[in-house]
Amino acid sequence: MMIIMKSNATPQQVEHVIEQIKAAGLNVHISQGVEATVIGAVGEAHSIPAERFEGLEGVEAVKRITQPFKLASRQFHPENSVFPLDGFTVGGDEIAVIAGPCAVESRAQITETAWRVKEAGASALRGGVFKPRTSPYAFQGLGQEGLEYLAEAREQTGLPVVAEIMSQTQLDLMVKYVDVLQVGARNMQNFNLLRAIGETQTPVLLKRGLSATIEELLMSAEYILAGGNKQIMLCERGIRTFETATRNTTDINAIPVLKSLTHLPVILDPSHSTGHADYVASVARAAIAAGADGLIVEVHPDPAKALSDGKQSLKPDKFAEMVKQVGQIAQVMGRSLAAVQAVAHG
Ligand code: PEP
Ligand code: MN
């Protein structure tokens, strides 16, 4: 951290800042310029907030040199994090395609979707059983019954399953059933939940909050990493902007920015980021071209009848078309779609 003193700072103010840096357990490196004194605070500075020095008298500005998200940062972990997920790896050369309905609605619906997305080339199955809905009167998900159906679909197709956890009270139940815990946009800063998940070894798909900055997303990942759980995929799912033509605005920039700041895999959700089935494939292709490590896409056998997010859900045949295109873009990028295990039908 660099503490830049005001040009008229007194020697006493400089001395006081130095004392505070030492009290924080950091070493001091002073450079006396013509215009101003710059004090370097050297050491384990990532855990010390810049505000600790910003308010001191005589201080003009405080600049960080190291990122505040130490464990998530590439500065301390230059290689990509790659971890296995039932037959394939995330974060390496393979592109993960997670697909399925917004919500598990019935055994027949999730089973049919699982087979259709698998045949199209998906590498994992998604399906929410605890749904964060804007209205308390809207369908809230099937809960444990939904987890049973997901487990059956997994058993039949071999696809690992991804489902959203909304509260740490659901943790014991969820880890028994799912291969990946999804933390939704609305819970990205539920720090108690992040800490609890950090104590498990279940892989996590952490979605960016509706109005969260990239740094805030990385700080949330840091909570999970600090607990010892290193298997995290970050998910860009669109952010709130002034634009109303789409449900959210896909922040394609977030993909290269995240890939440069962190070693964690980055995936894109073109369904929530656009809110409209017609735009999903275009944005999915763009994401892979931009360097994303995977996609999470909503697919429903009959979107018109979906209990949630039907408008943005792809029909299985449209999804299959999208997977083919994404596979071609992956090749251009020197990558390939995650290979799916062969499991006998029925
Ligand atoms: C979802 O994946 O269905 C979902 C609710 O996503 P988000 O948290 O990104 O809104
Ligand atoms: Mn949804």
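Residues are numbered from 1 along each chain as its sequence is written, and chains are lettered from A, with ligands numbered from 1, in the order in which they are written. The model is predicted, so that local features need pLDDT of at least 70 and side-chain atom pairs count only at pLDDT 80 or more, while totals for chains, interfaces and linings use all residues; side-chain values use heavy atoms, with hydrogens and water left out.

**Overall build**

The chain contains 11 helices and 15 strands, where helices (H or I, at least four residues) and strands (E, at least two) are DSSP runs numbered from the N terminus. Along the principal axes, its C-alpha atoms fill a box of roughly 80 × 45 × 40 Å. Of the 346 residues, 54% are buried, a term for under 20% relative accessible area, with exposed meaning over 50% and partly exposed in between (1.4 Å probe, protein chains only). Contact means heavy atoms within 4.5 Å. Among contacts between residues at least 6 apart in sequence, 68% join residues at least 24 apart.

The chain exposes about 15200 Å², of which carbon and sulfur atoms supply 51%; accessible areas come from the Shrake-Rupley method with a 1.4 Å probe, and for residues only the protein chains shown count as cover. There are 31 positive and 37 negative side chains, and the centres of the two sets lie 3 Å apart. In this count Lys and Arg are positive and Asp and Glu negative, with His and the chain ends left out; each charge is placed at NZ of Lys, CZ of Arg, CG of Asp or CD of Glu.

**Selected buried residues**

| Residue | Relative accessible area |
|---|---|
| Ile21 | 0% |
| Cys102 | 3% |
| Cys235 | 0% |
| Thr250 | 18% |
| His300 | 4% |

The structure holds zero disulfides, a disulfide being a pair of cysteine sulfur atoms within 2.5 Å. Cys235 is in no disulfide, and the nearest cysteine sulfur, that of Cys102, is 13 Å away.

Ile21 belongs to helix α1 (residues 11-23). Not counting residues up to four places away in sequence, Ile21 touches Ile3, Leu26, Asn27, Val28, Ile39, Ala41 and Phe53. Its C-alpha atom is separated by 46 Å from that of Phe130, 109 residues apart along the chain.

Thr250 is placed in the loop between β12 (232-236) and α8 (254-261). Its side chain makes a polar contact (2.8 Å) with the side chain of Ser273. A polar contact is a pair of N or O atoms within 3.5 Å; within protein, one must be able to donate a hydrogen and the other to accept it, and residues adjacent in sequence count only if both atoms are side-chain atoms. Beyond four places in sequence, the residues in contact with Thr250 include Glu236, Gly238, Leu268 and Val283.

His300 lies in the loop between β14 (294-298) and α11 (316-332). A polar atom of the His300 side chain lies 2.9 Å from the backbone nitrogen of Asp302. Leaving aside neighbours within four places in sequence, His300 is in contact with residues including Pro101, Glu105, Gln109 and Lys315.

**Helix α10**

In helix α10 (residues 277-289), the residues Val280, Ala281, Val283, Ala284, Ala287 and Ile288 are buried. An α-helix has 3.6 residues a turn, so residues three or four places apart point the same way. The cover over the buried residues of α10 includes β7 (94-100), α8, β13 (266-268), α9 (270-274), β14 and α11. Just after α10, Gly291 takes a positive phi of about 105°.
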